[in-house]
Amino acid sequence: MSILEVRNLCKKREHFELRDVSFTIESGYITGFIGRNGAGKTTTIKSMLNLTKPDSGSVHAFNMDMLAHEIECKQHMGIVLGEFGYYQDKRLRQITKVISRFYDEWDQNVYNEYLARFDLDERKRVKELSAGMKVKYALALALSHNAKLLILDEPTSGLDPVSRDEIMDIFRRVVENGERSILFSTHITSDLDKCADYIIYIKDGSIIMNGDRESIINGYRLVQGGREELTAALQSALVGLKETAFGFTGLISVNDMYLAEGLQTAKADIESIMLYTEKEGLA
């Protein structure tokens, strides 16, 4: 069952344009929203949340029009937009006291459980927290009012590998009962390998890939060979190309594998797909 439907979302800025962005988030899954910095991830998230007014398009959440029922929809959302960097001089318990009033289903017991799990001290001020602890505090808030959909913009950016791995474990536990979903943007593709069920890939303001992670990965292969083996037909089929004095490597669709017969190939991953796709057209 879909809990979020984004259709033909457009937003034009002075030096950037979001063009007809459409996707659906299903209940019970983790969706990674990827793209290089400036590709449109944050603009998409802010537009669909009505934090930036889109020029056109529609967003439906929980079978409701987001614009017409914004407050009701956001009651069921846990939202984390970047690092928790505001109210630097306030203690956590002061911030929580204010934020908890906005949610009809705020659960203090759940919140306390996350405080203990994250080793958060409510007596501390925001400015006394490390980057990782700020993320964990923001997640504790987002997870403590029975949110059905978590929307997280770069939640693991700036975290060390151990903290990122811990956050991924939390994501998996959140959706394991099939009642909650997570959409999180990231440029750290290794995080997606650990927990993402679906991938949405945005490039230059447009969605270029959208599907389950395994299908996307299995749709490509890495191919490697000598310079003399790089035929014109093969080169035209490659998605991105790296050439050296000794040979080449590139990404190729499985549908074009017949052009790479006899060459060394390897399974692709999200990182290699993104690297070669971003390289395409830059040579």
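The following exercises, each with a worked solution, concern the predicted model shown above.

Residues are numbered from 1 along each chain as its sequence is written. In this predicted model, local features need pLDDT of at least 70 and side-chain atom pairs count only at pLDDT 80 or more, whereas totals for chains, interfaces and linings use all residues; side-chain values use heavy atoms, with hydrogens and water left out.

**Exercise 1.** Determine how helix 4 and helix 5 are oriented to each other.

*Solution.* Helices (H or I, at least four residues) and strands (E, at least two) are DSSP runs, numbered from the N terminus. Helix 4 covers residues 108-118 and helix 5 covers residues 131-142. Their axes (lines fitted to C-alpha atoms over the stretch in contact, with angles from 0 to 180 degrees between N-to-C directions) come within 9 Å and cross at roughly 160 degrees. Angles under 35 degrees count as roughly parallel, over 145 as roughly antiparallel, 65 to 115 as roughly perpendicular and the rest as oblique. Helix 4 and helix 5 are therefore roughly antiparallel.

Next, identify the residues that meet, where contact means heavy atoms within 4.5 Å. Y111, Y114 and F118 of helix 4 meet M133, K136, Y137, L139, A140 and L141 of helix 5. By class, this contact has eight nonpolar, no polar and one charged residues. Here Ala, Val, Leu, Ile, Met, Phe, Trp, Tyr, Cys and Pro count as nonpolar, Asp, Glu, Lys and Arg as charged, and the others, Gly among them, as polar.

**Exercise 2.** Which residues touch the most other members of the largest nonpolar core?

*Solution.* A nonpolar core is a set of buried Ala, Val, Leu, Ile, Met, Phe, Trp, Tyr and Cys residues joined through side-chain atoms within 4.5 Å. Buried means under 20% relative accessible area, exposed over 50%, and partly exposed in between (1.4 Å probe, protein chains only). Of the 50 residues in the largest core, L139, F171, I182 and F184 touch the most other members. Helix 5 supplies the largest share of this core, eight residues. A second, separate core has 26 residues, including I3 and M77.
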